[in-house]
Amino acid sequence: MRILLLTHTFNSLTQRLFVDLTAREHEVSVELDINDSVTTEAVTLFRPHLILAPYLRRAIPESVWRNHVCLIVHPGIVGDRGTSALDWAILEGETEWGVTVLQAEAVMDAGPIWAAETFAMRAATKSSLYRNEVTEAALRAVLTAIERLPDYHAGRWQPVPLDAANARGRLRQTMKQGDRAIDWEEDDTLTVLRKINAADGFPGVLDSLFGKPCHLYDAHAFPARGVLGRVRMGIVRATRDGAVWIGYVRRADVGPRIKLPTIVAFPEAADLPEHADEAADIHYEETDGVGCLHFDFYNGAMGTAACERLLAAYQQARSRPTRIIVFMGGPDFFSNGLDLNLIEAAVNPPDESWRNISAMDDLCQAILETDNHLTVSALQGNAGAGGAFLALAADQVWARNGVILNPHYKNMGNLYGSEYWTYRLPRRVGEDEARKIMRHRLPLGDEEARRLGFIDAHFGRDTADFVAQVKHRAAALAAAPDFAERLSAKRARRAADQAAKPLAQYRAEELAHMQRNFYGFDPSYHVARHHFVHKTPHSWTPRHLARHRELGWTAPQD
């Protein structure tokens, strides 16, 4: 069937639905919700059998929902209504939450229920819950609703009216900053974390540091009491019964109003006493001949310093008497490549872009040139742009079921990209498929990525199961009787590839393109980066998403 995804942005949930519905052979097109006339035009062009709204910030036009089946994906339990569903669930300490698929009607979130799923709540940020538990529950609920659509049209099934659903949820007002406000003398650590977690991603918690207003993000409990200081790129602040570490802020008074590491946004934080790093964003563990290198960078962004620190950690891991090194990334993201926020905030963005991509290339080169270990990239979470190609630097790439990959750069102002993608991608998927991947700019699901050869395997019921299986598989690989032969074959392949075309040549060719992106006459990359980090509202839907707007598209007559 033809399914139109109507959404505010092409976010992680929308991408997952796009990938999975396409894999089930539905004809899927996307329209960004810009205004009523654009939405109406999209419906007229595409003539969808179903309109699915996974993420909206305003109501669907009445002329659309009265004449078409429009299903809203709401991140709340049955009966929950309002725009801050997940925010309230976190702040109020709900132990179980859910996703409801309901039909659009005049009153928002009050239409009849088509499907619903529940999940256990973790102590986590709103963004993490949304990318994981909410997304998985939403997919299950959407698939159930789609299965019911033929019976609905035939009159054999009807959705359940909200007032007959015996719902636990209720109408809640949009959460305001007053609801999120932190009382640093009275609030305990758990309360502070809930408030910041409930605002993670958007809008942050309005507070102040050094007497200046800012929004707080990325908070973690700090194992100390009554301390104030800095740890890595964040600061530690006391609560009533302990302390929290605050990694990112967004200032409202000066500079670019984007999320930045706290000591970047507030240079005066550098004068605070430095505390030991009790919860490093990079850590290493070793067992059964396997070294696992974890790196959990906020939103998967890897700035120059992060790349350099990860390279140093990898060089240390490579010196250990192990057989396998596994790049674990973090539970939410493997990597999303360059840190565009830090680049945007730099005094000279072109120069910082160059330093950042050079540091990424140094890391990839070190992995590619490793000849004393077999290497594995284990993607617990999504990966995009240079982060997807960082994964390809390893010998094997394993992904958790449900991971979404965006292995392309062109959405960032036709950025060419580096990270040795011109070497690794064609060898995995072939020249023709490599060109398609880079040109189409569409997300890859785990099954398609495995079929193409971009990844070698996908498995795991959830993150914990995936990590456990990764360690088991890596230990088996390290203990395999033919390990020496595998390592020897790897060295032979690398030597043959180096003789055919040195790594330095791939890097030079890629960076020649990147130099034009950074310093050339075409400002597309800098314009696209600015709009991306400042969350500029979309003015149109990109053509590669809106197939109904492709040249030559003809509205079906069925």
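This is a predicted model: local features need pLDDT of at least 70, side-chain atom pairs count only at pLDDT 80 or more; totals for chains, interfaces and linings use all residues.

Student: Which residues in H13 are buried?

Tutor: Trp421, Thr422, Tyr423, Arg424, Leu425, Pro426, Arg428 and Val429.

Student: What follows H13?

Tutor: Gly430, which has a positive phi near 95°.

Student: How do H13 and H14 cross?

Tutor: The axes of H13 (residues 421–429) and H14 (residues 431–440) come within 7 Å and cross at roughly 120°. That makes H13 oblique to H14. Angles under 35 degrees count as roughly parallel, over 145 as roughly antiparallel, 65 to 115 as roughly perpendicular and the rest as oblique. The axes are lines fitted to C-alpha atoms, for helices over the stretch in contact, and the angles run from 0 to 180 degrees between N-to-C directions.

Student: Which residues meet there?

Tutor: From H13, Trp421, Leu425, Pro426 and Val429 meet Glu431, Glu433, Ala434, Ile437 and Met438 of H14. Contact means heavy atoms within 4.5 Å. The residues of this contact divide into seven nonpolar, no polar and two charged. In that scheme Ala, Val, Leu, Ile, Met, Phe, Trp, Tyr, Cys and Pro are nonpolar, Asp, Glu, Lys and Arg are charged, and the others, Gly among them, are polar.

Student: And what about H11 and H18, at what angle do they pack?

Tutor: H11 (residues 349–368) packs against H18 (residues 503–519) at an angle of about 160°, with the axes 11 Å apart. That makes H11 roughly antiparallel to H18. The contact residues there divide into nine nonpolar, four polar and four charged.

Student: Which residues are in that contact?

Tutor: On the H11 side they include Trp354, Ile357 and Asp361, and on the H18 side they include Arg507, Leu511 and Phe518.

Student: Switching to strands. What is the order in the sheet with E18?

Tutor: It is an open sheet of three strands in the order E16-E18-E20, with parallel pairing. E16 (333–335) and E20 (405–406) stand at the edges with a single partner strand each, so one side of each has no neighbour in the sheet. Two strands pair if DSSP finds at least two bridges between them.

Student: How many bridges join E18 to E20?

Tutor: Two bridges join E18 (residues 382–384) to E20. Leu405 in E20 is the bridge partner of Ala383.

Student: Is E1 enclosed or open?

Tutor: Six of the six residues of E1 (residues 2–7) are buried, so E1 is largely enclosed by the rest of the structure. Both faces are covered, with Arg2, Leu4 and Leu6 buried on one side and Ile3, Leu5 and Thr7 buried on the other. E1 pairs with E2 in the parallel sense over six bridges, and Leu6 stands opposite Glu31 in E2.

Student: What does Ser377 touch?

Tutor: Leaving out residues up to four places away in sequence, Ser377 touches Phe327, Phe334, Leu390, Ala391, Ala394, Gln396, Val397 and Trp398. Ser377 is in strand E17 (residues 374–379) and is buried, at 1% relative accessible area.

Student: Now the backbone. Where is the cis peptide bond?

Tutor: The bond from Phe202 to Pro203 is cis, with omega near 5°. Pro203 sits in the loop between H7 (189–197) and E7 (205–209).

Student: And Glu25 and Asp109, what is phi in each?

Tutor: Phi is near 70° in Glu25 and near 65° in Asp109. Most residues other than glycine have a negative phi.

Student: Buried or exposed?

Tutor: Glu25 counts as exposed at 72% relative accessibility, whereas Asp109 is buried at 14%. Glu25 lies in the loop between H1 (12–23) and E2 (27–32), and Asp109 in the loop between E5 (96–103) and E6 (113–120).

Technical notes:
Residues are numbered from 1 along each chain as its sequence is written. Side-chain values use heavy atoms; hydrogens and water are left out. Helices (H or I, at least four residues) and strands (E, at least two) are DSSP runs, numbered from the N terminus. Buried means under 20% relative accessible area, exposed over 50%, partly exposed in between (1.4 Å probe, protein chains only).
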